[in-house]
Each structure stands twice: as structure tokens, then as C-alpha cells.
Amino acid sequence: MAAELVVLSHLRWTFVWQRPQQLISRLSRHFARTWFVEEAEPVAGLTTPLLAEDDQGTVTRLWLQLPATWSASGFDTTASQWYTVLLAERLGGHADRTVWLYTPMALDVARTLGPSIVVYDVMDDLAAFRFAPTGLALRQRQALREADLVFTGGRSLHRSVQDVRPSGAHCFPSGVEPEHYETAIALRRRRSPG
């Protein structure tokens, strides 16, 4: 059985093209299957949870749709319980599964997927965000301890995890995709005299 990548993210794949999309779109070429699991979202009129799916090239998006009346969202306890059941049904077991975390709030879901490797990519200090979920700082420390591999998106983030993960955290700063700017550079060259 070929390796599988399951990404648990607080961001939606189709939102803004940033670190998760840049890294995972490249990594997906090296896995037999790549799943990008997004936070749960409330849906008006829904009476029972369901797992939505959308193919995006080499990545398959999955997200839990919950009844709006439940006041559950993200990867909170209610969402995690449903993810555990519905992801198990959709993904089944896999002997060689890498789980990649972008939010420590999904740690319970990651544990239930039976990963052979857990990667935690600290792209932001999510606990510092306005309206951060209760318990996020605790989950961050747990994820930093439990992950087999930790990346940080910059030097300040790397310094911030050193107390919990003094070794084994790798500073992997975000960068620029030159191909993103090729069109603008070509236009500038055509307009420049000489």
C-alpha cells in the first residue's frame, strides 16, 4: 500500500493561497493520496452531520458540515467526535499514513487516524489570535511534544516553541514562489526601454 497524507487544517484550501497550499500541493506529488481536512462548518437547515468532499487536483478536500443549531465548529469536541467517525468511514485504515497538523485543535482527530508519522507545522501563533479557542495553548504544547517532526514558519515562531520542544523543531520559513510573479516580470520587461 502506498503512503497517504492527511492534513488537518484551520484554513480552507480554497480560501487564500498560502503556506499550507504551497507546501501540500508540492508534497502531494509524493503520496498516493492526499486528503486536506478542513475545520467543520455550520450549515443552516442541516439535521445530521455529513462529510463534504471536493477534488482539487492532487488534493482531496474534506470538511464536516454540522447542523447550525448545534453551535459547534472548527475541531471542537463535538466536531472531533464526528470527524473520528466519518473520517474512519471515508479513509479506512492505512498502514503508512502521515498526519500533518496546521492546528493543534485537531490533535484528537490526528490520534484516531492511526498515523505512522505526525508532523506539526507551526505557521502562526494561533493562541495569540483574537477569538482563539479555549485550550489552544495547552493543545499547542501537547502537539509540540507528540509530533514526530515539527516545522516553524519563521525564526520568531521557532524561538517560541523552544521551551516545549528544545530539539527537533526545524525552522522552515515561508518564502516566495517566483513563478507567481513571472507574468508581472514579463510585462515589466516588455514595457522597459532598452
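This is a predicted model: local features need pLDDT of at least 70, side-chain atom pairs count only at pLDDT 80 or more; totals for chains, interfaces and linings use all residues.
Does Val176 count as buried or exposed, and at what relative accessibility?

1. Val176 counts as exposed, because its relative accessibility is 62% and the cut-off for exposed is over 50%. You will find Val176 in the loop between strand S8 (169–171) and helix H6 (182–191).

2. Together with Tyr181 and Ile185, Val176 makes a nonpolar surface patch of about 290 Å².

3. Now for the largest pocket, which holds about 310 Å³ of space. Its lining has 16 residues, and those nearest the centre are Glu39, Phe131, Ala132, Pro133 and Leu136. By class, eight lining residues are nonpolar, five are polar and three are charged.

4. On to charges: the model has 10 salt bridges by the rule used here. One of them joins Glu41 to Arg12, with 3.8 Å between the closest N and O atoms. This pair links distant parts of the chain, as Glu41 sits in strand S2 (residues 33–43) while Arg12 is in the loop between strand S1 (4–9) and helix H1 (19–27), 29 residues apart. Glu41 is partly exposed, with a relative accessible area of 24%, and Arg12 is likewise partly exposed at 24% relative accessibility.

5. Another salt bridge pairs Glu53 with Arg90, and here the closest N and O atoms are 2.7 Å apart. Glu53 lies in strand S3 (residues 50–56) and Arg90 in helix H2 (residues 77–91), so the pair ties together parts that stand 37 residues apart in sequence. Both ends are partly exposed: Glu53 has a relative accessible area of 37%, and Arg90 has a relative accessibility of 33%.

6. A helix-to-helix example is worth a look too. Arg111 forms a salt bridge with Glu146, the closest N and O atoms being 2.5 Å apart. Because Arg111 is in helix H3 (residues 107–112) and Glu146 is in helix H4 (residues 136–146), the bridge ties together parts 35 residues apart in sequence. Arg111 counts as partly exposed at 38% relative accessibility, and Glu146 is partly exposed with a relative accessible area of 40%.

7. A last stop is Gln162, in the loop between helix H5 (155–161) and S8. Gln162 is partly exposed, with a relative accessible area of 25%. The C-alpha atoms of Gln162 and Leu144 are 9.7 Å apart in space, and the two residues are 18 apart in sequence.

Technical notes:
Residues are numbered from 1 along each chain as its sequence is written. Side-chain values use heavy atoms; hydrogens and water are left out. On a 1 Å grid over the protein atoms alone, a cavity is a set of points where a 1.4 Å probe fits but cannot get out, and a pocket is an open set with protein on both sides within 12 Å along at least five of seven lines; lining residues have an atom within 4 Å of a point. Grid points are joined across faces, edges and corners, and a volume is the space filled by probe spheres set on the points. Ala, Val, Leu, Ile, Met, Phe, Trp, Tyr, Cys and Pro count as nonpolar, Asp, Glu, Lys and Arg as charged, and the others, Gly among them, as polar. Patches are made of residues with over 30% relative accessible area and no salt bridge: like charges are joined within 9 Å, nonpolar side chains (Val, Leu, Ile, Met, Phe, Trp, Tyr) within 5 Å. Accessible areas come from the Shrake-Rupley method with a 1.4 Å probe; for residues, only the protein chains shown count as cover. A salt bridge is a side-chain nitrogen of Lys or Arg within 4 Å of a carboxyl oxygen of Asp or Glu. Helices (H or I, at least four residues) and strands (E, at least two) are DSSP runs, numbered from the N terminus. Buried means under 20% relative accessible area, exposed over 50%, partly exposed in between (1.4 Å probe, protein chains only).
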